[in-house]
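This report describes one protein model in plain terms. Please look over the sequence and the structure before reading on.

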Amino acid sequence: MLNKLRTLTLALFLSIAPLPIISQAHAALAVDFSSLVEQVSDGVVRVSITKSVSEEELALAHQAQVLRQFFGNRVNVPDIPTIEYGYGTGFFISSDGYILTNHHVVDGAKTITVTLKDRSELDAVLVGSDAASDIAVLKIQGKGYPALKVGNSTALKVGEPVLAIGSPFGFDYSASAGIVSAKSRNFSREAVVPFIQTDVALNQGNSGGPLFNQKGEVVGVNSRIFSGTGGHMGLSFSIPMDMAIDIYRQIKATGKVSRAYFGIGLQDIDRNLAEAYGLSRPQGALVTRIAPDSPAQKAGLKIGDVVLTFNGQNIIHASDLVMAISSAKPADPFHLNIQRNKKSLTLQGRFDHSPQELTIKEQNDDKPRLGIRLKELTPSENAMLARYDVSGGMVISSVEIGSIAERAGLSVGDIIVSLNQRPTPNITAFGQALVSLPKQGVVTIGIIRDGTPAILGLRIE
């Protein structure tokens, strides 16, 4: 009886068991990419770098040596090498040796080597790099390289099969396939990249490699993964090729990237805010911060305004406005439709240069070039400086080797609060102080380093 019951149960289970469902990911894997891989892999390269370790790491190594002198091998402190090694992926964007990769792959590199598919190793130079978009442009000598064909990333559709080729964990020319999971993803309200999200298996070493559509066209530059373990978890992100090409052309032409500056902070509108602001549904970008003397302030924008359209484009999420601004250029005109106090208004104005482009403005033979790159602090960070009796400051993000700034002892992370005894709470004030510097002599620069105020002397020659 028991055996009959088991047989009946098994028959019932088999009769009602659902047919297997083929997921979109499995469908993408069913696409035969073999001929495509053979066709495009010559245009993909491995990027290897060396770089010197940071001052902090060298200090740790010195500390370890001192401890060993006193305590011997009982102290378990690892040796820190003076040279670090890294690797990633890149691809030819032109036949005369220009290569695209990620900024984070070559950031801080002392030497850059490119390995071709035939195992040839060539020295590469960094033409330019852009941290905001995570794009870098390299150049190697020679001609006749297999440049890959560029596709239209805006034409990508969610669910479309895509292919990546790279060097995950150092395994060269590894291919992985998947589908487009989403478009226009961003990680913060200040992001400038509308990432393509895929479920392609990307890992460390894939960074900077190409993302292909089924036609063999590059539609993205693989940039990052979302992972709690450092490995693939089904969330991978690529920079759209439309944006990457624009960055490449700017870097190739001028060595830098110029972006429009608007000067606002934004957040999304939820259901409650939509009702509070008299909107028919959650839509638009709510303005939460406006920088002084910014194009936004000059156009008449106020905190609490809801931006509904930008240059004729409907704004549904705050990220829509961020992405639209990121594609604009300095001096471009703009017009906005906003809602203020439940009334519609139209505002217009012109963009300006990003405050973070001060190093570009420094390239002027009529005034000293300090050799630093600066970033303005946020309002909350500036508020924390009030206890030092200063109105604000800017943080140093890079110092050129051999520059006036390096010789004076300035370091990355220092907050500059004055120059030549003039307060420098923002880029404008710093630029004005820079213009007033003598062509020769010593001037003072006020900084805050690790919470301690200090004054250094800048010798201008």
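In this predicted model, the lining of the second largest pocket takes at least two residues from each of strand 8 (174-185), helix 6 (241-254) and helix 9 (318-326). Of the contributors, helix 6 gives the most, with five residues. The lining has 23 residues, and those nearest the centre of the pocket are Pro-194, Pro-240, Met-243, Met-323 and Ser-327. By type, the lining residues are nine nonpolar, eight polar and six charged. The space in this pocket is about 500 Å³.

Which residues of helix 6 are buried? They are Met-241, Met-243, Ala-244, Ile-245, Ile-247, Tyr-248, Gln-250 and Ile-251. In general, an α-helix has 3.6 residues a turn, so residues three or four places apart point the same way. Met-243 is buried in helix 6 and is also among the residues nearest the centre of the pocket. Just after the helix comes Gly-255, with a positive phi of about 80 degrees.

Another part of the model holds paired strands. Strand 15 pairs with strand 14 and with strand 16, as the table shows.

| Strand pair | Residues | Direction | Bridges |
|---|---|---|---|
| Strand 14 and strand 15 | 264-268 and 285-290 | antiparallel | five |
| Strand 15 and strand 16 | strand 16: 306-310 | antiparallel | two |

Within these pairs, Gly-265 has Arg-289 of strand 15 as its bridge partner, while Leu-286 stands opposite Val-306 in strand 16. In a regular strand the side chains alternate between the two faces of the sheet.

Thr-424 is a residue in a loop, the one between strand 24 (422-423) and helix 13 (427-435). Is Thr-424 buried or exposed? Thr-424 counts as buried because its relative accessible area is 0%, and the cut-off for buried is under 20%. Leaving aside neighbours within four places in sequence, Thr-424 is in contact with Gly-392, Gly-393, Met-394, Ile-416, Val-417, Ser-418, Leu-419, Ala-429, Phe-430 and Ala-433.

Some totals describe the whole protein. The model has 13 helices and 26 strands. Of its 461 residues, 44% are buried. Among contacts between residues at least 6 apart in sequence, 61% join residues at least 24 apart.

How values were computed: Residues are numbered from 1 along each chain as its sequence is written. This is a predicted model: local features need pLDDT of at least 70, side-chain atom pairs count only at pLDDT 80 or more; totals for chains, interfaces and linings use all residues. Side-chain values use heavy atoms; hydrogens and water are left out. On a 1 Å grid over the protein atoms alone, a cavity is a set of points where a 1.4 Å probe fits but cannot get out, and a pocket is an open set with protein on both sides within 12 Å along at least five of seven lines; lining residues have an atom within 4 Å of a point. Grid points are joined across faces, edges and corners, and a volume is the space filled by probe spheres set on the points. Helices (H or I, at least four residues) and strands (E, at least two) are DSSP runs, numbered from the N terminus. Ala, Val, Leu, Ile, Met, Phe, Trp, Tyr, Cys and Pro count as nonpolar, Asp, Glu, Lys and Arg as charged, and the others, Gly among them, as polar. Buried means under 20% relative accessible area, exposed over 50%, partly exposed in between (1.4 Å probe, protein chains only). Contact means heavy atoms within 4.5 Å. Two strands pair if DSSP finds at least two bridges between them.
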